[in-house]
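Me: I'd like to go through the aromatic side chains in this one, then a charged residue. Can you put it up?

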Amino acid sequence: MPSMPPIQTAPLFPVLHQHLQTLLRSLSPADWQRETICTGWTVKDVAAHLLDTSLRTIAMYRDRYVAPDSPTIGSYQELVGYLNQLNNDWVRATRRLSPAVLIDWLVQAGAEADALITALPPDEPALFSVAWAGQQVSPNWFHVAREYTERWHHQQQIRLAVGQTADLETDELYQPVLDTFMQALPFAYRDTPATVGTLLRFSVADLAGGNWFLRREQDQWRLAPTAPNQQPDTWVQINRAFAWQLLTRNLPTDVAASYINISGDEALGRNVLTMRSVMM
């Protein structure tokens, strides 16, 4: 099977940033306080998190600054715990800021951070690996794609809370999100036994490029965009509107199961419900 090609997300950052500005400026005072599917966070909290992401990007890539109290991370779970604490500390602190201040800072910092990220040489090693895909070292293009999904899905959390999801659900903006998230499939299935040659097909309906294939090889699972001349042993069909929530683990497993349809080996297909394409 052919290997997955690099995912091209750099040209989409300015588009996503403009959508965010337009959205935030349209919100009413009540909208800012709406609860999101990000547990414990309001619309305003998620916007503040997006600002934090941009400011930390500028500090790292423009200023080469590392906080002196940054801990030594020894495991994946330690990294998750550190990031959760970092995120929650920022959100609590910025609750004293007005929405207008957040918008002003986001407009400036978001554009600068995006320019820094998208200027990275695509094939050089990234400063941070994509840990949820099981990688110790990642190319910059994958890191940039991961950053795109972060900006996309947090903005979509805001949009879901205020009933304005359509703008980010176009094939142009949504396809790269799912292409990136699906890179986690081989890692998610790493401990799943299967006969060599077993093929799984994952599909998102009504999406132009909505098929991904996972094949068991001698010592690993391998992801590819096509699987010529072979019928899948298991076919997992995922509801388009809820695919991003499934892959960012915003849905409880029993709820998520109602948005997928499995043909073939039920147990093998249901493993997708434990997959994560975010740090958690």
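Reply: A definition to begin with: rings of Phe, Tyr and Trp (its six-membered ring) pair if their centres lie within 6.5 Å; planes under 30 degrees apart count as stacked, over 60 as edge-to-face and the rest as tilted. This is a predicted model, where local features need pLDDT of at least 70, side-chain atom pairs count only at pLDDT 80 or more, and totals for chains, interfaces and linings use all residues. Residues are numbered from 1 along each chain as its sequence is written, and side-chain values use heavy atoms, with hydrogens and water left out.

Me: How many aromatic pairs in the whole structure?

Reply: Eight. In one of them, F13 and Y148 are tilted, with 5.8 Å centre to centre and 55 degrees between the planes.

Me: Which parts does that pair tie together?

Reply: F13 is in helix 1 (residues 13-26) and Y148 in helix 6, so the pair links parts 135 residues apart in sequence. Helices here are DSSP runs (H or I, at least four residues), numbered from the N terminus.

Me: Is F13 buried or exposed?

Reply: F13 is buried, at 2% relative accessible area; buried means under 20%, exposed over 50%, partly exposed in between (1.4 Å probe, protein chains only). Y148 is buried too, at 0%.

Me: Other topic. Where is E150?

Reply: E150 sits in helix 6, residues 140-162. E150 is buried and has no salt bridge; R146, the nearest side chain of opposite charge, is 6.7 Å away. A salt bridge needs a side-chain nitrogen of Lys or Arg within 4 Å of a carboxyl oxygen of Asp or Glu. Lys and Arg count as positive, Asp and Glu as negative; His and the chain ends are not counted.

How values were computed
Helices (H or I, at least four residues) and strands (E, at least two) are DSSP runs, numbered from the N terminus.
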